Amino acid sequence: CEYLVTNFDQADFLFNVILNYAKTDYEKAKVYEIKVILYVAMNKMNQAVKTGMEGLKLFNITLPENKSVIKAITLVELIKAKSQLNKIKINNLINLKTMEDSNKLIIMNLLMSILPAAYMSNTNLMVLVTLKMVNISLRYGNSDVSSYGYAAFSMILGFGMSKYQDAYNLGKVALEINDKYNNTKLRCKIIFIFTTLLSHWKKHVRTDIDLLVNNLKYGMEAGD
């Protein structure tokens, strides 16, 4: 309630109280996830990233802070992602099994919560977090937030690697996967990424005007 009425400092205090009472790593991770969202709303992007990192450590996942280390690990993750996508094919991603492991699901949620903050504070880390989401999905199946990882990766394929057809195809699949899992909270984000950052590589921007207009409604419904 304190968060919803923008009493952010009080909300932060109460989240810390709740964290002390959390008994399992899963419960603690859920608190960390919400705290990340809180810090993003407060425009404390570095704090949001660090908080997400703390949550990931509960599951033995450590994100580096050193720029050189981030780039080295990112290269490894990119190679893994490209290798798996060559086997699975982008159009078949929607047919992957559904992720069921509760730890993997909360890890995906933590990574997703970090992404916006990393995008605005540390783009190298943002790429690494994106690839982590993609590789977890490729190995363990899709979750209701996998579409966000795929959409973010499609931007990297296009802007970073000039693979515009693959970027467009992956963006379309991200939309389909989000529809499949009916994640209304992410619908606005995925459509925004696809219509403003991806589809113009393959078709005229006017073809997405109706979708963008409807996306205003989706964003309002989700409180985004």
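**Terms and values in a predicted model**

User: Why is Lys203 called partly exposed?

Analyst: Lys203 has a relative accessible area of 30%, and the term covers what lies between buried, under 20%, and exposed, over 50% (1.4 Å probe, protein chains only), so Lys203 counts as partly exposed. This is a predicted model, in which local features need pLDDT of at least 70 and side-chain atom pairs count only at pLDDT 80 or more, while totals for chains, interfaces and linings use all residues. Residues are numbered from 1 along each chain as its sequence is written, and side-chain values use heavy atoms, with hydrogens and water left out.

User: What makes the pair of Lys203 and Asp208 a salt bridge?

Analyst: The closest N and O atoms of Lys203 and Asp208 are 3.5 Å apart, and the term asks for a side-chain nitrogen of Lys or Arg within 4 Å of a carboxyl oxygen of Asp or Glu, so the pair qualifies as a salt bridge. Asp208, at 2% relative accessibility, counts as buried. Elsewhere, salt bridges that share partners join Glu77, Lys80 and Lys132 into one network.

User: Where is Asp208 found, and with which residues is Asp208 in contact, leaving aside its neighbours within four places in sequence?

Analyst: Asp208 sits in the loop between helix H9 (184–198) and helix H10 (209–222), the helices being DSSP runs of H or I with at least four residues, numbered from the N terminus. With those neighbours left aside, Asp208 is in contact (heavy atoms within 4.5 Å) with Thr195, Ser199 and Lys203. The C-alpha atoms of Asp208 and Thr196 are 8.7 Å apart in space, although the two residues are 12 apart in sequence.

User: How many salt bridges does a search of the whole structure find, and what does the pair of Lys132 and Glu77 tie together?

Analyst: The search finds five. In one of them the side chains of Lys132 and Glu77 meet at 3.3 Å, N to O; because Lys132 lies in helix H6 (residues 123–140) and Glu77 in helix H4 (residues 67–88), this pair ties together parts that are 55 residues apart in sequence. Glu77 counts as buried, at 6% relative accessibility.

User: Why are H2 and H3 called roughly antiparallel?

Analyst: Helix H2 (residues 25–41) packs with H3 at an angle of about 175°, their axes 8 Å apart. Because angles over 145 degrees count as roughly antiparallel, H2 and H3 receive that description. Among the residues that meet are Tyr32 and Val36 in H2, and Ala48 and Glu54 in H3.

User: How do you know that the span of helix H8 is close to the one expected?

Analyst: Helix H8 (residues 164–181) has 18 residues and reaches 26 Å from its first C-alpha to its last; the expected span is 1.5 Å times one less than the number of residues, which for H8 is given as 26 Å. Its buried residues include Ala167, Leu170 and Ile177, and what covers the buried residues of H8 includes helix H7 (146–160) and H9. H8 is followed by Asn182, whose phi is positive, near 50°.

Key: Helices (H or I, at least four residues) and strands (E, at least two) are DSSP runs, numbered from the N terminus. Axes are lines fitted to C-alpha atoms, for helices over the stretch in contact, and angles run from 0 to 180 degrees between N-to-C directions. Angles under 35 degrees count as roughly parallel, over 145 as roughly antiparallel, 65 to 115 as roughly perpendicular and the rest as oblique.
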